[in-house]
Amino acid sequence: MFQDGTYYGCCACIASVGIGIAPYMAFLRAADGFSVQLYERGTYRTVTPAGKNITFGVDTAYPAGNTVLIRIDTENAETMTLSFRIPSWSLKSSIFVNGDAVPVTPGMTEITREWQTGDTVELQFDLR
């Protein structure tokens, strides 16, 4: 069920509906933060676990390019977990938070910290 009260059942697998709801699956809200599942260029606005406004700006050409840059704009600094999907075939992926490298775990990489406006996450995928 979506925040606006609409929902899709098993028919969501129909291509026209599935593609239409893809943006709703890019940033999935979790109890402690967000799980980033799709790396599509765009602006994603939602609320944090504490109910504050947050915007994720995504700049990428992925999968044509190997880099995804995510900029965070939040109403208030907040400690939460951002989890990033790392494809198992991307053997040497890198993640940088505000320019600092963080360890990468294939499958999902979780980063828990206080996030604030201006923070950036850069993902670099091994596309070979």
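A residue is termed buried when its relative accessible area is under 20%, exposed when over 50%, and partly exposed in between (1.4 Å probe, protein chains only). The model is predicted, with local features requiring pLDDT of at least 70 and side-chain atom pairs counting only at pLDDT 80 or more, whereas totals for chains, interfaces and linings use all residues. Residues are numbered from 1 along each chain as its sequence is written, and side-chain values use heavy atoms, leaving out hydrogens and water.

T74 is buried, as its relative accessible area is 6%, and belongs to strand β5 (strands are DSSP runs of E, at least two residues, numbered from the N terminus). A polar atom of the T74 side chain lies 3.0 Å from the backbone oxygen of N76. Leaving aside residues up to four places away in sequence, T74 touches T48, N53, I54, W115, Q116 and T117 (contact means heavy atoms within 4.5 Å).

Strand β5 also takes part in an open sheet of 6 strands, ordered β3-β4-β5-β10-β7-β8 with antiparallel pairing; two strands pair if DSSP finds at least two bridges between them. Its edge strands, β3 (42-47) and β8 (100-102), each pair on one side only. Within the sheet, β7 and β10 run antiparallel and are joined by 4 bridges, and F96 stands opposite E122 in β10.

Note on methods
Polar contact = N/O pair within 3.5 Å; in protein donor to acceptor, adjacent residues only side chain to side chain.
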